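Please look over the sequence and the structure shown below before reading on. The briefing that follows takes up a pocket, a helix and a few loop residues.

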Amino acid sequence: MHTVQIQNITVGGQNPIVLIAGPCVIEDPERTLAIGRSIKEIAGRLQIPYIFKASYDKANRSSYNSFRGPGLKEGLSILAHIKQELQVPVVSDIHCVTQIEAAAEVLDILQIPAFLCRQTDLVYEAGRTGKAVNVKKGQFLAPLDMKNVIAKLEEAGNRNILLTERGATFGYNNLVVDFRSLPIMRSLGYPVVFDATHSVQLPGGAGTSSSGQREFVPYLTRAAVAAGVDMLFMEVHDNPPEGKSDAANMLYVDKLEALLQDVIAIDDAVRKHK
């Protein structure tokens, strides 16, 4: 397996699990930083490598009137500040080729949203930066189909590839996780991430926004770690119902530490089988 280096964090192989976490979208800059600081403190106590996540633009909201975030320029400035303050790597979504150059100056991981995972120009140009690229598997793809995404990134000369499972469309307004997808994608030779909070999303389930079932996050998280994933992706908020995006599926920050204690125990038990 290829391992991926993100600053001083090595992902994949026999290395311990890594956490990507933060609020879904940048809201108030100070609140966003405070959430990141709380997560860093928890990860530090548990000695889990931590990468901060928040979106500068949620370009795929259900409604035109939904909150999208501060946008590229202001959002990247906020993420650069958080990166400096917390001294951790940062990741955010990119949505079009024109965002890549500016985003790559700040972000340590360029994230391709699930709906855009087949957009060849976006994937290829992200790969050409040499940065780590995290591609979320589309809700409409079989796990083996991600080999084609890998081929596009490798064609761009990039081996810093992460693949994320975030659930598959199952009828209307529902997702289901097929846990076979985790070892299948890992067999393609790159580290695999499990997105624990988007996997409980109910897309469009609230009419003009998505709904979700946050109560199932711990169950899916523990199952994914038992399957041998290399990273966990979680959207976390100090008060999720106040969140301006993904309010129904974000995890309460005060519930995070207990869940991560379970994660460590399971990861320790299964790592030798990875």
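How much space lies in the largest pocket? About 400 Å³ lies there, in a model that is predicted, where local features need pLDDT of at least 70, side-chain atom pairs count only at pLDDT 80 or more, and totals for chains, interfaces and linings use all residues. Residues are numbered from 1 along each chain as its sequence is written, and side-chain values use heavy atoms, with hydrogens and water left out.

**The largest pocket**

- The largest pocket is lined by 26 residues, and those closest to its centre are Lys 58, Asn 60, Gln 201, Ser 210 and Asp 246.
- A pocket here is an open set of points on a 1 Å grid over the protein atoms alone, where a 1.4 Å probe fits, with protein on both sides within 12 Å along at least five of seven lines, and lining residues have an atom within 4 Å of a point; the volume is the space filled by probe spheres set on the points, which are joined across faces, edges and corners.
- By class, the lining has 6 nonpolar, 11 polar and 9 charged residues, where Ala, Val, Leu, Ile, Met, Phe, Trp, Tyr, Cys and Pro count as nonpolar, Asp, Glu, Lys and Arg as charged, and the others, Gly among them, as polar.

**Helix H2**

- Helix H2 covers residues 72–86, and its 15 residues reach 21 Å from the first C-alpha to the last, close to the 21 Å expected at 1.5 Å a residue, the expected span being 1.5 Å times one less than the number of residues.
- Helices (H or I, at least four residues) and strands (E, at least two) are DSSP runs, numbered from the N terminus.
- The buried residues of H2 (under 20% relative accessible area, with a 1.4 Å probe and protein chains only) are Gly 75, Leu 76, Ile 78, Leu 79, Ile 82 and Leu 86.
- These residues lie on the same side of H2 because they cover an arc of only 160° around the axis, taken from the directions from the helix axis to the C-beta atoms.
- On the other side of H2, Lys 73 and Gln 84 are exposed, a term for over 50%.
- The buried residues of H2 pack against helix H1 (29–46), strand E4 (50–53), strand E5 (90–93) and helix H3 (100–106), with contact meaning heavy atoms within 4.5 Å.

**Loop residues**

- Gln 87, in the loop between H2 and E5, has a positive phi of about 55° although it is not a glycine, and it is exposed, with a relative accessible area of 59%.
- Gln 47, in the loop between H1 and E4, has a positive phi near 60° and counts as exposed at 71% relative accessibility.
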